[in-house]
Amino acid sequence: MDLRRRWLIALLLLAVSGLLVAVREVEGANAQADGAKVEFFELHVRSLLVEKCGDCHSGMSDAESALAFGSRQSLLKGGEFGPAVIPGRAEDSLLIQSVRRIHKELRMPPDEADALTRDEVEILTRWVNDGAVWGNESAAPSGRQPENVGQKSTDTLLGSDLWSLQPVKTVMPPSIEDARWSRSEIDRFVETAWREHGLSATKRADRRSLLRRATFDLTGLPPEPDDVAAFLADEDSDDVAFARVVDRLLASRQYGERQGRLWLDVARYADTQGDVGDFPIPEAWRYRNWVIDSLNADLPYDRFLQAQIAGDILAAEEPDEQTARGLVVATGFVALSRRFGNTKKDDIHLTIEDTLDTIGRGVLGMTLRCARCHDHKFDPVVMTDYYGLYGIFESTQYPWMGASNEKSPSELAPALPSDEAREQAEEYWKLITRYEYQINNHFRPWLQPTLDEFKQVTQQLADLKQGGESTSPQTDAAEITKLEQRREELLARHSGKFRELMLHDLNWVKKEKSRLAENPTVEFVFAVTDGKSGDARMHRRGNPKQKGDVAPRRFLQVIDGESVPEIKHGSGRLELARWLTRPEHPLTPRVIVNRIWQQHFGRGLVATPDDFGNQGMAPSHPELLDWLAATFVADGWSLKKLHRRIMLSETYALASEDKPDSNNAAADPDNVSLWKQPRRRLDAESIRDAMLAVSGTLDGTQGKAHPFKPWHAARYSLNAPFHEDFPTNRRSVYLMTQRLFRHPFLGLFDGPDRNSSTSRRTSTNVPGQALYLMNSPFVKQQAEAFARRIETEIAPDNAESANSQSDSLDVRRIERMYQLVFGRSATPDESQTLFDFLQQYRARSDGKADDSLVALGRVVLTSNEFFFVD
């Protein structure tokens with residue numbers, strides 16, 4: 001068979017053999033997609049229908065139109081012109097034609113002054129094309145503002161029977177007689193569930209498979225051949241030997257890099273602001289590295305969260321300078337919220353919404369943003385809850401690296417908080433903003449008359465003072481006074497914002513701005529600080545231009561009751577951080593325990609890790625979830641202890657294949673009962689990092705700042721956004737990542753969403769992935785480096801020196817490849833097949849330089865076994 005065909009078949013096998021695994025993940029992704037569509041409707045569509053259509057189409061007896069917008073069914077039925085909506089076909093839907101004002105008779109809304117904006121039309125178009133998914137049918141759009149928005153009764157809220165809002169139960173693990181399943185509390189819970197469903201567990205994984213699984217789970221890298229050999233040679237029992245492996249991996253620096261990458265998924269980390277211009281954030285790396293270092297140090301999860309929400313406030317009382325700096329940097333969790341629009345403050349409500357959504361889904365497992373426009377339609381969260389939390393972050397000062405119409409940075413935080421540093425920072429950013437405003441607006445037509453007159457008056461003054469055209473000293477003095485007064489009046493025009501430009505010139509302003517930028521008066525970091533504290537007014541139907549009643553700053557009433565908490569520290573972020581991390585909190589411990597479980601089993605005990613509400617899924621093992629949450633808190637919120645407890649269970653050590661003659665697959669095809677370990681494809685970062693590791697090109701040092709241009713030397717806008725790719729051989733967690741543009745490798749292999757919190761990675765199999773592996777320079781480079789490594793490590797011995805391509809040399813090199821890539825020896829059949837490949841490849845090389853090992857390395861690095869973990 002032609003060698004190219006051999007290689008192509010190998011790559012196709014990679015895609016095809018992953019299909020069965022992908023099917024299950026696609027099913028889960030479809031369920032998530034349906035939830036996302038409902039959320040999109042509740043966040044964007046329902047409020048739009050209410051505001052623009054509710055008055056005429058309310059379905060009430062006094063409505064102007066008989067067509068009601070109160071349900072999906074009524075829109076499908078339509079009125080005298082036919083169905084208003086045809087799901088999946090926006091172009092053919094009367095609703096879309098009428099709001100676009102292209103229908104022959106229908107123009108909606110009738111008054112052109114009320115016409116929908118382009119963005120609003122796009123929202124409805126996307127909704128219809130996505131199937132016109134509707135939310136709660138009982139919540140009918142009406143143009144009349146409800147009297148009790150945000151005022152659900154406390155009895156209703158506190159009476160919620162939602163499982164996740166109940167206190168974490170103190171659960172005793174069941175008693176088990178089987179010695180295999182009685183050693184671990186986790187196993188006792190799981191084994192009990194098997195018996196109830198008539199299932200039985202498969203065998204334990206072999207040591208090699210277990211080591212590879214654990215090493216990728218905890219570090220995101222393949223095990224070294226020496227580590228495999230040491231584990232296989234360990235004469236202690238499997239439990240004791242594997243415990244040593246887990247402890248070693250937890251103590252490694254690579255642990256924090258892997259776990260940090262997963263937390264950065266939750267934190268929607270990126271090195272740019274997003275939206276218009278996608279301005280780079282040169283200091284974002286400090287937050288990334290703080291996360292990695294904190295997880296390596298096993299910082300308790302409650303303190304880990306508190307630092308990210310209120311670290312700047314905690315830093316003010318921290319005596320250790322290094323710790324204080326870290327606490328300020330930690331608030332990058334909030335500071336890195338996505339930015340929107342052309343200016344810094346016009347769309348700040350969307351940035352705050354992103355903050356609340358990340359805390360809600362990432363920490364609480366609740367979709368808080370669904371209460372922005374109305375009381376949550378599915379969960380006991382009301383508008384006063386949303387705007388109570390909103391007020392906390394409206395009282396917070398967010399940093400900026402610029403905006404399309406305001407290009408200078410502003411409001412970055414002092415690295416060490418103090419009253420003096422804050423005052424210096426405030427003056428510094430005011431001056432920078434002032435100079436940038438002058439640069440951005442010096443050419444405006446409305447400014448030109450002032451500039452021209454100022455030049456004229458200045459010249460007249462200079463002439464008089466030099467004695468030109470003098471009449472008398474008295475007259476000259478009076479004229480000078482008059483001109484000086486006029487000059488001051490001109491300097492004061494436009495609120496005095498152009499004083500320096502008028503006194504000097506544009507070049508002077510630019511140089512002064514650059515001088516300040518290069519020599520800041522304070523050390524700055526991209527972090528938040530407290531701003532002007534106060535309660536927020538609710539936005540009617542989510543529109544910030546239609547303010548409603550004041551909502552006192554508070555947390556969730558379903559947990560706390562009606563009483564408003566006392567805010568003692570400025571914005572209230574510290575109180576929020578402490579509320580989130582109360583030991584008795586029903587959500588926070590459950591959510592993080594579920595995330596860690598998902599990491600090790602591919603699926604959480606709750607399959608919807610960011611939705612513990614009524615639209616999410618109930619836990620498969622509720623008693624186990626509560627036991628883990630309670631034990632996690634009792635262990636001091638230690639994530640490393642949680643990992644260790646899960647990984648030392650027999651459940652974690654199960655093989656990934658079913659045992660013969662079992663009905664497990666038929667009774668539980670999704671493996672919800674955990675009768676085996678699921679086979680999982682590596683995520684994007686692990687694929688890339690593993691290629692670098694086995695090829696010997698991985699740079700293991702910690703990444704720091706990216707080589708961005710200085711902010712004052714680059715200008716970004718809607719039509720010229722920032723877009724760069726900085727190649728590096730460091731681990732993927734250190735890659736520069738943008739919000740507007742996806743990384744060429746990570747984006748193709750299902751990397752995280754940089755614009756919102758990612759709760760679970762999907763795994764797709766698409767032709768573009770196979771084409772990338774066949775054609776990309778990156779894979780070619782790693783194959784070449786891998787071949788060089790093999791040639792160096794397995795050099796010809798004395799007997800082979802006369803013929804460097806001897807049979808024994810090829811066999812030894814094939815063996816080394818397998819040890820590095822798969823952590824095992826090649827079988828005789830595999831060794832013979834690859835040996836034949838090398839021989840045939842060389843025979844067809846026509847005397848060209850021998851790159852047979854490169855070709856073989858490329859096949860091995862893109863093989864199915866390399867991409868999957870059993």
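The model is predicted. It holds zero disulfides, as a search of the whole structure shows, while the count of salt bridges comes to 62.

**Cysteines**

- Cys370 takes part in no disulfide, and the nearest cysteine sulfur to its own belongs to Cys373, at 9.2 Å.
- Cys370 is buried, with a relative accessibility of 5%.
- Cys373 has a relative accessible area of 9% and is buried as well.

**Salt bridges between partly exposed residues**

- Asp92 and Arg89 meet through their side chains in a salt bridge, with an N to O distance of 3.1 Å.
- In this pair, Asp92 is partly exposed at 41% relative accessibility, and Arg89 is partly exposed at 43%.
- Asp236 forms a salt bridge with Arg244, where the closest N and O atoms are 2.6 Å apart.
- Asp236 has a relative accessible area of 36%, which makes it partly exposed, and Arg244, at 42% relative accessibility, is also partly exposed.

- Asp683 and Arg258 form a salt bridge through their side chains, at 2.8 Å from N to O.
- Asp683 sits in the loop between β7 (680-681) and α30 (684-695), whereas Arg258 belongs to helix α12 (residues 253-266).
- The pair therefore ties together parts that are 425 residues apart in sequence.
- Both Asp683 and Arg258 are buried, whereas Asp92 is partly exposed and Asp236 is partly exposed.

**A salt-bridge network**

- A network of salt bridges links the arginines Arg180, Arg183, Arg204 and Arg207 with the acidic residues Asp238, Asp239 and Glu650.

**Recap**

- Which residue does Arg258 meet in a salt bridge? The partner is Asp683, and the N to O distance is 2.8 Å.
- Is Cys370 buried or exposed? Cys370 counts as buried, at 5% relative accessibility.

How values were computed
Residues numbered from 1 in each chain as written. Predicted model: local features only at pLDDT ≥ 70, side-chain atom pairs only at ≥ 80, totals over all residues. Heavy atoms only, no water. Disulfide = S-S within 2.5 Å. Buried < 20%, exposed > 50% of the residue type's maximum accessible area, 1.4 Å probe, protein only. Salt bridge = Lys/Arg side-chain N within 4 Å of Asp/Glu carboxyl O. Helix = DSSP H or I, 4+ residues; strand = E, 2+ residues; numbered from the N terminus.
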